[in-house]
Amino acid sequence: MASLAVVAALAQDRALVMDEAEATDLLWTLLSIPTWEHLTRLCGWSQERYLSEIARLAHLALSGKP
């Protein structure tokens, strides 16, 4: 649900560069437990790095802005 709210807010601000449904799917996937587990447990990323990179990637992917 949080992903849906974030995407809806971006859409309302006209800051979304893709379809709302696809953006919600992408954001949910970026924030999923398997993604977190893979990066932090299998790849050895710190929690801080994970949060920083996922936030940066999500912002770029959804808004098109670095």
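Biologist: How many residues does helix α4 have, and how far does it reach from its first C-alpha to its last?
Modeller: In this predicted model, helix α4 covers residues 47-63, which makes 17 residues, and it reaches 24 Å from its first C-alpha to its last, close to the 24 Å expected at 1.5 Å a residue.

Biologist: Which residues of α4 are buried?
Modeller: The buried residues of α4 are Tyr50, Ile54, Ala58, Leu62 and Ser63. Looking down the axis of α4, you would find these buried residues within an arc of 140°, so they line one face of the helix.

Biologist: And what do the buried residues of α4 pack against?
Modeller: They pack against three helices, namely α1 (2-12), α2 (20-30) and α3 (33-42).

Biologist: What comes just after α4?
Modeller: Just after α4 comes Gly64, and this glycine takes a positive phi of about 75°.

Biologist: Let's take α2 and α4 as a pair; at what angle do they pack?
Modeller: Two packed helices are described by the angle between their axes and the distance between the axes. For α2 and α4 the angle is about 170°, and their axes are 10 Å apart. Angles over 145 degrees count as roughly antiparallel, and α2 and α4 are therefore roughly antiparallel to each other.

Biologist: Which residues make that contact between α2 and α4?
Modeller: From α2 the contact takes in Ala23, Leu26, Leu27 and Leu30, while α4 brings Tyr50, Ile54, Leu57, Ala58, Ala61 and Leu62.

Biologist: How many of the residues in that contact are nonpolar, polar or charged?
Modeller: The contact of α2 with α4 divides into 10 nonpolar residues, with no polar and no charged ones.

Biologist: Staying in α2, is Thr24 buried or exposed?
Modeller: Thr24, which is found in helix α2, has a relative accessible area of 17%, and residues under 20% count as buried, so Thr24 is buried.

Biologist: What is Thr24 in contact with, leaving aside its neighbours in sequence?
Modeller: If we leave aside the neighbours within four places in sequence, Thr24 is in contact with Ser3, Leu4 and Val7. Thr24 and Val6 are 18 residues apart in sequence, and in space they are 8.3 Å apart, C-alpha to C-alpha.

Biologist: Where is Ser3 found, and is it buried or exposed?
Modeller: Ser3 is found in helix α1, and with a relative accessible area of 8% Ser3 is buried. Not counting residues up to four places away in sequence, Ser3 touches Thr24, Leu27, Trp28 and Leu31.

Biologist: New topic: what about the phi of Arg14?
Modeller: Most residues other than glycine have a negative phi. Arg14 has a positive phi of about 60° although it is not a glycine. Arg14 lies in the loop between α1 and α2, and this arginine is exposed, with a relative accessible area of 79%.

Biologist: Stepping back, how many helices and strands are there in the protein?
Modeller: The secondary structure comes to 4 helices and 0 strands, and from the N terminus on the elements run α-α-α-α. Along its principal axes the C-alpha trace spans about 35 × 25 × 15 Å.

Biologist: How much of the protein counts as buried?
Modeller: Of the 66 residues of the protein, 23% count as buried.

Biologist: And what share of the contacts comes from residues 24 or more positions apart?
Modeller: Among the contacts with a separation of 6 or more, residues 24 or more positions apart account for 40%.

Technical notes. Residues numbered from 1 in each chain as written. Predicted model: local features only at pLDDT ≥ 70, side-chain atom pairs only at ≥ 80, totals over all residues. Heavy atoms only, no water. Helix = DSSP H or I, 4+ residues; strand = E, 2+ residues; numbered from the N terminus. Expected span 1.5 Å × (residues − 1). Buried < 20%, exposed > 50% of the residue type's maximum accessible area, 1.4 Å probe, protein only. Arc of directions from axis to C-beta. Contact = heavy atoms within 4.5 Å. Axes fitted to C-alpha atoms, helices over the stretch in contact; angles between N-to-C directions. Parallel < 35°, antiparallel > 145°, perpendicular 65-115°, else oblique. Nonpolar A, V, L, I, M, F, W, Y, C, P; charged D, E, K, R; others polar.
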